[in-house]
Amino acid sequence: MKEKEKIIIDSAIKFFAQKGFSSTSVQEIASDCGISKGAFYLYFKSKDSLLYKILQYYYDELIETLEEISQRPVPSRDKYIDQLTFMFDHALKHKEFIIMQSKEQAIPLNNSIKELLAKMQAELQDYNLKGLLAIYGEEKKKYLLDLLIIQDGLIHSFLKVSILDSINVSSKDIASYLLKRLDSIITDMVKENEHPLFSNVFLKYIIRKPAINFMEDNHQHIVDAINSIQKKMEHIANKEEIEVTLEVLMTEIHAEEPRVPIIKGMLYNLNGYDDFQTEQKKIADYYQIEL
């Protein structure tokens, strides 16, 4: 990650936690970072894409440590307690941002963010499954999905109390306590020879890892708009100028980090052409550009 991106992300986290996502403007973030609003768009094409990057930033930080813990040469139970402990500590470290997410209804849930959240959930559940299987073994595997669902409810309940209330209980104590409750539950299931409520065949529906493509939903939408302009420009007098404009637009939208100021400049070149207004507005709306 570029240093300037890190500075923008840190600033955005601060503002989002204090004011909420919808109440924070790009201008506020840019000013706090000592850059222009245009410079902000050199790194993030919208506030939505910045939120996506923040979520990815938090997630990478979490997964990196969980993976490191999984490689430690310690007993499976100790290893899983350490992973659960870090999950709680990580949530508490970023609790202001989590509270903002839970309270604010205006957080965008476009397909990219939905898929990222699904991927995060799936991979965390994968770590939980591996931890539970390592502790309880193959002979109790048939109870794994029931146990995972029960644990998920307990984790969310403990997290809610830990984040919203100032309780004097360590994350490690919570993790150890939670695992002891699971011990009791699975011991009782085995003793009673209880039939699992959910079969493990449902695991594939619980743990899904969708492919992430940040541009997937609307990217073709923008390409189609450019192609539409190309079809309409046959009888335009200064056809060459429009062709150059469209070529630059096409290059930018396919770039890993599209430069919004350049896209904005190219869209201005289309001013005055009534036939192109629909396509011009479509592209402007996608990149949140005011014409």
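Q: Is Asn-193 buried or exposed?
A: Relative accessible area is computed with a 1.4 Å probe on protein chains only: buried means under 20%, exposed over 50%, and partly exposed in between. Asn-193 has a relative accessible area of 59% and is therefore exposed. This is a predicted model, in which local features need pLDDT of at least 70 and side-chain atom pairs count only at pLDDT 80 or more, whereas totals for chains, interfaces and linings use all residues. Residues are numbered from 1 along each chain as its sequence is written, and side-chain values use heavy atoms, with hydrogens and water left out.

Q: Where does Asn-193 lie, and what is its phi?
A: Helices (H or I, at least four residues) and strands (E, at least two) are DSSP runs, numbered from the N terminus. Asn-193 sits in the loop between helix 9 (171–191) and helix 10 (203–206). Its phi is positive, about 50°, although Asn-193 is not a glycine. Gln-288 likewise is not a glycine and has a positive phi, of about 55°; this residue belongs to the segment after helix 14. Gln-288 counts as partly exposed because its relative accessibility is 42%.

Q: How many helices and strands does the chain have?
A: The chain has 14 helices and 0 strands. Of its 291 residues, 41% count as buried. Contact means heavy atoms within 4.5 Å. Among contacts in the chain with a separation of 6 or more, 73% join residues 24 or more positions apart.

Q: Which residues touch the most other members of the largest nonpolar core?
A: In soluble globular proteins, nonpolar side chains tend to be buried together. A nonpolar core is a set of buried Ala, Val, Leu, Ile, Met, Phe, Trp, Tyr and Cys residues joined through side-chain atoms within 4.5 Å. Here the largest core has 82 residues, of which Phe-16, Ile-29, Phe-40, Leu-50, Ile-54, Ile-242 and Ile-283 touch the most other members. Helix 4 gives the most to this core, with 11 residues. Neighbours within four places in sequence aside, Ile-242 contacts Ile-229, Met-233, Ile-236, Asn-269, Leu-270, Tyr-273 and Phe-276.

Q: How much space lies in the largest pocket?
A: Rolling a probe the size of a water molecule over the atoms shows where empty space is left. On a 1 Å grid over the protein atoms alone, a cavity is a set of points where a 1.4 Å probe fits but cannot get out; a pocket is an open set with protein on both sides within 12 Å along at least five of seven lines, and lining residues have an atom within 4 Å of a point. The largest pocket holds about 910 Å³. Its lining comprises 26 residues, and Ala-91, Ile-98, Leu-124, His-156 and Leu-159 are the closest to its centre. Helix 8 supplies the largest share of this lining, 7 residues.

Q: Why does Ser-162 count as buried, and what does its side chain reach?
A: Ser-162, in helix 8, counts as buried because its relative accessibility is 8%. Its side chain reaches the backbone oxygen of Phe-158 at 2.8 Å. Residues up to four places away in sequence not counted, Ser-162 touches Leu-92, Ile-167 and Ile-174.

Technical notes:
Points joined across faces, edges and corners; volume = space filled by probe spheres on them. Polar contact = N/O pair within 3.5 Å; in protein donor to acceptor, adjacent residues only side chain to side chain.
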